[in-house]
Amino acid sequence: QVQLVESGGGLVQAGGSLRLSCAASGRTFSSATMGWFRQAPGKERVFVAAIRWSSGVTYYPESLKGRFTISRDNAKNTVYLQMNSLKPEDTAVYYCAATEDTLSKRILTISEWYNYWGQGTQVTVSS
């Protein structure tokens, strides 16, 4: 079993930055894929970023490239999401997700492929 605990959310003004952390404990896998998703009120959960734990290769939707950066610290079993130039439309609950599988690029954007989820952390961007 894997436990994920997010932190780092909060209230920030438009144009500001936040860094989210996701600490993983329990079973960990060298072939894991870690991801971040977000869900705004009344909307579906959508893909934000993913990273392959072993290689560090990262993936983003085109709409977030250049503003969001996912990274990992193997020693701390922690994944980070650095968010810059935040906009009010980035307001959402952000969830960390993990799977022990090396997901292909085609499916790592799909939340159903992830087995483990954190409790979520609220990010609010004021205009």
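**Entry 1: a word to settle before I start**

I call a residue buried when its relative accessible area is under 20%, exposed when it is over 50%, and partly exposed in between. With that in hand I looked up Trp 117: its relative accessibility is 27%, so Trp 117 counts as partly exposed. I also remind myself that I am working with a predicted model.

**Entry 2: the whole protein**

Next I stepped back to see the overall build. How many helices and how many strands are there in the protein? I found zero helices and eleven strands. Reading along the sequence, I get the pattern β-β-β-β-β-β-β-β-β-β-β.

Then I checked the dimensions. Along the principal axes, the C-alpha atoms fill a box of roughly 40 × 30 × 25 Å. A compact globule with 127 residues would have a radius of gyration near 14 Å, and the protein has 14 Å, so the two agree.

I looked up burial too: 45% of the 127 residues are buried. The accessible surface comes to about 6400 Å², and carbon and sulfur atoms hold 48% of it. Among contacts with a separation of 6 or more, 58% are between residues 24 or more positions apart.

**Entry 3: how some strands pair**

I followed strand E3, residues 18-26, to see its partners. Strand E1 (residues 2-7) runs antiparallel to E3, and six bridges join them. One place to look is Leu 4, whose bridge partner in E3 is Ala 24.

E3 also runs antiparallel to E8, again with six bridges. Here I found Leu 18 standing opposite Met 83 in E8. So that I remember it: E3 has bridges to E1 and bridges to E8.

**Entry 4: aromatic pairs**

Now for the rings. A search of the whole structure gave me five aromatic pairs. I opened the pair of Phe 37 and Tyr 114: the ring centres are 5.2 Å apart and the planes meet at 80°, so this pair is edge-to-face. The cut-off behind that call is planes over 60 degrees apart.

Where do Phe 37 and Tyr 114 lie? Phe 37 is in strand E4 (residues 33-39), while Tyr 114 is in the loop between strand E9 (92-99) and strand E10 (116-117).

I then turned to Tyr 95 and Trp 117, which form another edge-to-face pair, 6.4 Å centre to centre with 75° between the planes. This pair links distant parts of the chain too, with Tyr 95 in strand E9 and Trp 117 in strand E10, 22 residues apart. Tyr 95 is buried, because its relative accessible area is 15%, whereas Trp 117, at 27%, is partly exposed.

Putting the rings together, I noted one aromatic cluster made of Phe 37, Phe 47, Tyr 95, Tyr 114 and Trp 117.

**Entry 5: an arginine over the rings**

Arg 45 lies over the face of Tyr 95, at 3.8 Å from the ring centre. Its charged end also sits over the ring of Trp 117, 4.7 Å from the centre of that ring. If you have the 3D view open, find Tyr 95 and Trp 117 as a pair, and then look for Arg 45 over the face of Tyr 95.

Most residues other than glycine have a negative phi. I therefore wrote down the exceptions I came across.

- Asn 77 is not a glycine, yet it has a positive phi of about 50°. Asn 77 lies in the loop between strand E7 (68-73) and strand E8 (78-83), and it is partly exposed at 25% relative accessible area.
- Ser 85 also has a positive phi of about 50° without being a glycine. I found Ser 85 in the loop between E8 and E9, where its 40% relative accessibility makes it partly exposed.

At 23% relative accessibility, Glu 100 counts as partly exposed. How many residues separate Glu 100 and Ala 32 in sequence? The answer is 68, although their C-alpha atoms are 4.2 Å apart in space.

Methods
Residues numbered from 1 in each chain as written. Predicted model: local features only at pLDDT ≥ 70, side-chain atom pairs only at ≥ 80, totals over all residues. Heavy atoms only, no water. Phe/Tyr/Trp six-rings, centres within 6.5 Å; stacked < 30°, edge-to-face > 60°. Helix = DSSP H or I, 4+ residues; strand = E, 2+ residues; numbered from the N terminus. Buried < 20%, exposed > 50% of the residue type's maximum accessible area, 1.4 Å probe, protein only. Lys NZ or Arg CZ within 6 Å of the ring centre and 35° of its normal. Rg over C-alpha atoms; globule rule 2.2 N^0.38 Å. Contact = heavy atoms within 4.5 Å. Areas by Shrake-Rupley, 256 points an atom, 1.4 Å probe, with all protein chains shown as cover. Pairing = 2+ DSSP bridges.
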